[in-house]
Amino acid sequence: MFEITDPNNIQLNSEGQLKHFITTEGLSRELLTEIIDTADSFVDMNAQQVKKVPLLRGKTVVNLFFESSTRTLSTFELAAKRLSADVLNLNISTSSTSKGETLKDTLQTLEAMHSDMFVVRHSDSGAAHFIAEHVTPNVAVINAGDGRHAHPTQAMLDMLTIKRHKGDFSPLVVTIIGDILHSRVARSQIHALRTLGAAEIRVVAPNTLLPRNIEALGVKVFTSMESGLKDADVVIMLRLQKERMKSALLPSESEFYKLFGLTNEKLQHAKPDAVVMHPGPINRGVEIESAVADGPQSLILDQVTNGIAVRMAVMSMSMSGQMTEKNLKTEA
Amino acid sequence: MVSGTLSVESLLDKMLSELKTLLIHRQIDAPLIIGIRTGGIWIAERLHTELALESPIGTLDISFYRDDFSQIGLHPKVQASHIPFATEGRDIVLVDDVIMSGRTIRAALNELFDYGRPSSVTLVTLLDLQRRQLPIQADVYGSTLSLGPNQQVKLTGPNPLELEISQKD
């Protein structure tokens, strides 16, 4: 675990612009809205015949994955390439750390290659923050998921998906269901939804998969699907993080599905036009019924598409924030 | 130095006449018109109607191609460009409201060439502010305009199309 200090001290430059993206926590509504609006522009661009723009031409993006994730790595790689950056993918768990290199050594080596951006995924909470504190100036750090702490780009792609389908956040009841305890996605979603002004945020989970004091994040807690789903506008399912569970927190997957799996029958408690989301990869028949995952209310594939756009937005905004700060320092 | 509001109708008539002559001279009988957002699209629509072209209008938003990205960042709410035809080997008429430094047109040409290699590009602008920083010139323009150091010009529209000249804050 790494220590996490005030995230805004490190995420924003002196002009209040994004220069690292570590967490959605503490960022202003204006900045989150700017991320959504910029990403929205990239969604349209990604649907065009030519899907590449020169915003990060000449920049080098290093995907620094200490924890493997094919889907997240792919979307970050594609996002960087669509911004015309050069991309280096490093799976650190199987290379440098096994040779005894420390994290700081690894960073220094990569900085010596004149990298401009690190996209960091790590199993320890606070790792991206630690790296942002220790990189040389002008290198942007994007958190691609750290321990149980944060997964801000996943949260923002969910916000973009909600915005594109529901418009305004203020009347929305959003229900997040599943393994809240181990979910960095849920934490980032809750912070973003609160800042964007969602009317009500609910979490639904068995007691063993709920963090202590989760209410302090401003959510209503339910342990029954029926009451948690009642009149919901947005239903967000989470993946069971079995790899992060240190002990048996569930009696069985089939028991979990019976009580907390989303079926069409349970979905009837939500509003008729409710949308269903899941960060993927989905465990069919564990978290969600196939008929729901592939059904008309599902936005799961939209989330994947929007994920590339959000990562393009965050990468271009943070690189712009880095360059603005550099220019300000040069002028001073 | 001028100030106030200017009608663009007489300028459009002049531009249309010169564009028709130029297209005949260049033996272009089926041009494709592309307007640069926002003002350029309004001008392009007027030229498109007057030339009675059958092909649709293309639109370019050059925000992702600007060379001052590092200074001003990325404007959120960029609208995607829309080129509803193949540009390869075609004759393009590229339309903007104002040419000043030439950087917008450079960005537009860069984006345009990502769609293919046109046979030719003819540049049409309503106003030439004659403050060029790049060697790019309009083939057809409505008028030149010399603004004072604290003045700016803005095209409002689309109906009516008017030029507003004002003092900067």
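Where in chain A does H151(A) lie? H151(A) sits in the loop between β4 (140-146) and α6 (152-166) of chain A; helices (H or I, at least four residues) and strands (E, at least two) are DSSP runs, numbered from the N terminus. This is a predicted model, in which local features need pLDDT of at least 70, side-chain atom pairs count only at pLDDT 80 or more, and totals for chains, interfaces and linings use all residues. Residues are numbered from 1 along each chain as its sequence is written, chains are lettered from A and ligands numbered from 1 in the order in which they are written, and side-chain values use heavy atoms, with hydrogens and water left out.

**The annotated site**

- An unreviewed UniProt entry lists R71(A), T72(A), R121(A), H151(A), Q154(A), G280(A) and P281(A) under "binding site". UniProt positions follow the numbering used here, feature names are shortened, and annotations may be inferred rather than shown by experiment.
- The lining of the second largest pocket includes R71(A), T72(A), R121(A), H151(A), Q154(A), G280(A) and P281(A). On a 1 Å grid over the protein atoms alone, a pocket is an open set of points with protein on both sides within 12 Å along at least five of seven lines; lining residues have an atom within 4 Å of a point.
- H151(A) is buried, at 4% relative accessible area. Buried means under 20%, exposed over 50%, and partly exposed in between (1.4 Å probe, protein chains only).
- Leaving aside neighbours within four places in sequence, H151(A) is in contact with residues including T72(A), R121(A), R184(A) and R311(A). Contact means heavy atoms within 4.5 Å.
- Q154(A) lies in helix α6 of chain A. Q154(A) is buried, at 7% relative accessible area.
- With the neighbours within four places in sequence left aside, Q154(A) is in contact with V185(A), P279(A), Q303(A) and R311(A).

**Two domains in chain A**

- Chain A is assigned domain 1 (7-150 + 305-325) and domain 2 (152-299). The bounds come from an automatic or database domain assignment.
- The contact takes 36 residues from domain 1 of chain A and 27 residues from domain 2 of chain A.
- The two domains of chain A bury about 2500 Å² between them, and carbon and sulfur atoms give 59% of that area. Buried area is the accessible area (1.4 Å probe) that two parts lose on being put together, summed over both.
- On the domain 1 side, T24(A), I36(A) and R148(A) lose the most area to domain 2 of chain A, together 28% of what that side buries.
- Three salt bridges are counted between domain 1 and domain 2 of chain A. A salt bridge is a side-chain nitrogen of Lys or Arg within 4 Å of a carboxyl oxygen of Asp or Glu.
- R184(A) and E67(A) meet in a salt bridge through their side chains (2.9 Å, N to O).

**Chain A with chain B**

- In this contact, 19 residues of chain A meet 16 residues of chain B.
- Chains A and B bury about 1600 Å² between them, 64% of it on carbon and sulfur atoms.
- Zero salt bridges are counted between chain A and chain B.

**Backbone points**

- Most residues other than glycine have a negative phi, and most peptide bonds are trans.
- G280(A) and P281(A) are joined by a cis peptide bond, with omega about -10°.
- The peptide bond from N159(B) to P160(B) is also cis, with omega near -5°.
- H114(A), a residue other than glycine, has a positive phi near 60°. H114(A) is exposed, at 64% relative accessibility.

Definitions and conventions. 1 Å grid on protein atoms, 1.4 Å probe; cavity = no way out; pocket = protein on both sides within 12 Å on 5 of 7 lines; lining within 4 Å.
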